[in-house]
Amino acid sequence: MTLPGTAIAALALPLDNSFASLPPSFYTRLMPTPLPAPYLVGLSAPAARLIGLDPAAVNEDTVAMFAGSRVPERAQPLAAVYSGHQFGVWAGQLGDGRAMLLGDVATPQGPMELQWKGAGMTPYSRMGDGRAVLRSSIREFLCSEAMHALGVPTTRALSVAGSDQGVVRETIETAAVVIRMAPTFIRFGSFEHWFYRNDEASLRILADYVIDRFYPALRDEDNPYAALLEEVTRRTARLIAQWQAVGFMHGVMNTDNMSILGQTLDYGPFGFMEAFDAQHICNHSDSQGRYSYAMQPQIGHWNCYALAQALVPLIGEVEETQAALDVYQPEFGAAVDRLLHAKLGLTQIPEQQEADRQLLDGLFGILQDSHADFTLFFRRLAGVQAASNAGDEPLRDLFIDRPAFDAWAERYRARLRAEASDDAARKAAMNAVNPKYVLRNYLAQQAIEKAQHKDFSEVERLLAILQRPFDEQPEHERYAALPPDWASALEVSCSS
């Protein structure tokens with residue numbers, strides 16, 4: 001294990017590759033396609049230190065490794081095969097079309113896999129070129145680290161390396177490579193792949209690998225495969241509850257984008273809720289609204305059903321499979337209830353349960369009617385005083401229908417008084433769970449536009465701000481303001 005504070009050279013990373021111990025049918029070994037004349041766009045210092053890299057010692061060799069132009073001595077690059085449902089339709093074989101696994105590094109938090117994204121074509125690229133563009137790479141880099149700082153389970157991002165090499169999308173853009181980090185990149189679709197091929201032996205090998213490496217306690221259960229499904233279902237429910245609580249929208253909740261560890265995986269056309277609209281669709285490619293904010297909890301459950309179907313041959317009994325899935329709704333409901341109480345600074349009191357439900361329903365009703373800014377509302381709510389409306393004005397400014405807000409605020413104050421809430425203590429607690437700073441699309445766009453002109457200062461600044469989302473940071477107040485009018489015209493799609 002790399003000890004904290006011990007710096008190692010990027011090309012000498014002590015890589016292992018546990019995934020490579022699986023049979024060759026699970027992956028294809030290959031080398032990345034070098035990115036010409038790479039340069040560093042962004043680096044997450046905390047992620048670097050986690051794997052033993054010194055952020056201050058980045059040199060040309062390090063950047064070349066970040067870009068896939070040089071390969072660490074102990075790397076065993078490979079691209080994994082998987083399948084999946086995309087927008088609810090079986091898509092068949094997919095796989096790492098532009099991603100390659102370097103291997104895994106031992107860290108104080110356990111093994112961490114490193115993966116290039118955008119390092120060239122693989123056998124699974126289908127009609128793609130295996131590259132990522134600077135625009136989408138910066139978005140994934142920033143959001144991965146922002147979500148980690150928010151406390152939401154997620155893959156991490158170590159770095160972004162860019163190049164002047166052209167890549168054709170809707171227009172000609174420049175290429176980039178992100179290094180992503182996670183304990184594993186195995187997805188629901190990894191299991192679906194073997195189920196739909198009627199290959200129970202490979203399905204069992206994969207399930208045993210996941211249990212033994214990531215869920216070893218489940219090996220002692222009467223039915224470890226049913227226990228695996230139940231645990232993944234619980235984690236998925238809790239994850240999506242956290243998405244809802246911070247206003248995060250994934251945009252492409254296909255089964256091949258769902259982590260077997262219950263982490264946020266594959267940042268494409270994501271978005272954070274601004275003007276609240278439960279039906280908001282952050283993905284311009286999602287014409288039917290399948291992955292809208294309001295639909296995310298239901299789709300999470302649907303995806304768990306897809307995983308369950310793939311695991312039925314191992315679990316054996318449909319009833320036991322259904323029992324494992326049945327934990328989703330109560331787990332999600334309990335997690336959302338807990339998170340929303342914390343966001344409102346309320347204690348969960350059994351005798352207040354029904355009144356609290358009505359209070360929350362009323363809140364989301366007025367947020368919807370006035371399209372109040374989601375992040376600003378919860379952050380400013382901490383300033384409400386239990387005894388008077390003296391702290392209400394910053395909140396009232398977010399509402400078109402101010403009388404409706406006033407009526408709700410009186411109910412909220414009464415609830416605060418019912419538990420003898422202390423204003424100062426409650427404000428501190430609420431500010432510790434309601435972020436002041438999130439990655440709004442327009443902030444990412446501003447950083448991207450500067451980076452396209454080789455100015456990476458805004459990527460660095462925005463990353464630093466988002467790594468402390470709950471702190472006041474008065475010097476960065478403008479990053480917490482309402483988005484400008486032009487921001488409403490921004491669109492992100494599956495090419496993002």
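Biologist: Where is the place of G130?

Modeller: This is a predicted model. In it, G130 sits in the loop between β7 and β8 (132-133).

Biologist: Is G130 buried or exposed?

Modeller: Look at the relative accessible area; under 20% is called buried. G130 has 4%, so it counts as buried.

Biologist: Which residues does G130 touch, not counting residues up to four places away in sequence?

Modeller: G97, R98, G118, A119, G120, M121 and S125.

Biologist: Which residues does the UniProt annotation "binding site" cover?

Modeller: The entry is unreviewed. Its annotation covers G95, G97, R98, K117, D129, G130, R180, R187 and D266. Of these, R187 is included in the lining of the largest cavity.

Biologist: Take K117. Where does K117 lie?

Modeller: In strand β7 (residues 112-117). The relative accessible area of K117 is 10%, under the 20% cut-off, so K117 is buried too.

Biologist: With which side chain does the side chain of K117 make a polar contact?

Modeller: With that of E140, at 2.7 Å. Beyond four places in sequence, K117 also touches other residues, among them R98, R180 and D266.

Biologist: Now the nonpolar core. How many residues has the largest one?

Modeller: The general idea comes first. In soluble globular proteins, nonpolar side chains tend to be buried together. Here the largest core has 122 residues. F19, L158, F191 and V210 have the most contacts inside it. Helix α6 (residues 224-246) gives the largest share, twelve residues. Another core, of 32 residues, lies apart from it and includes C282 and F378.

Biologist: What is F19 in contact with?

Modeller: Leaving aside neighbours within four places in sequence, F19 contacts F26, Y27, L78, A80, L101, E113, I186 and Y209.

How values were computed:
Residues numbered from 1 in each chain as written. Predicted model: local features only at pLDDT ≥ 70, side-chain atom pairs only at ≥ 80, totals over all residues. Heavy atoms only, no water. Core = buried A, V, L, I, M, F, W, Y, C linked by side-chain atoms within 4.5 Å. Buried < 20%, exposed > 50% of the residue type's maximum accessible area, 1.4 Å probe, protein only. Helix = DSSP H or I, 4+ residues; strand = E, 2+ residues; numbered from the N terminus. Contact = heavy atoms within 4.5 Å. UniProt positions renumbered as here; feature names shortened; annotations may be inferred. 1 Å grid on protein atoms, 1.4 Å probe; cavity = no way out; pocket = protein on both sides within 12 Å on 5 of 7 lines; lining within 4 Å. Polar contact = N/O pair within 3.5 Å; in protein donor to acceptor, adjacent residues only side chain to side chain.
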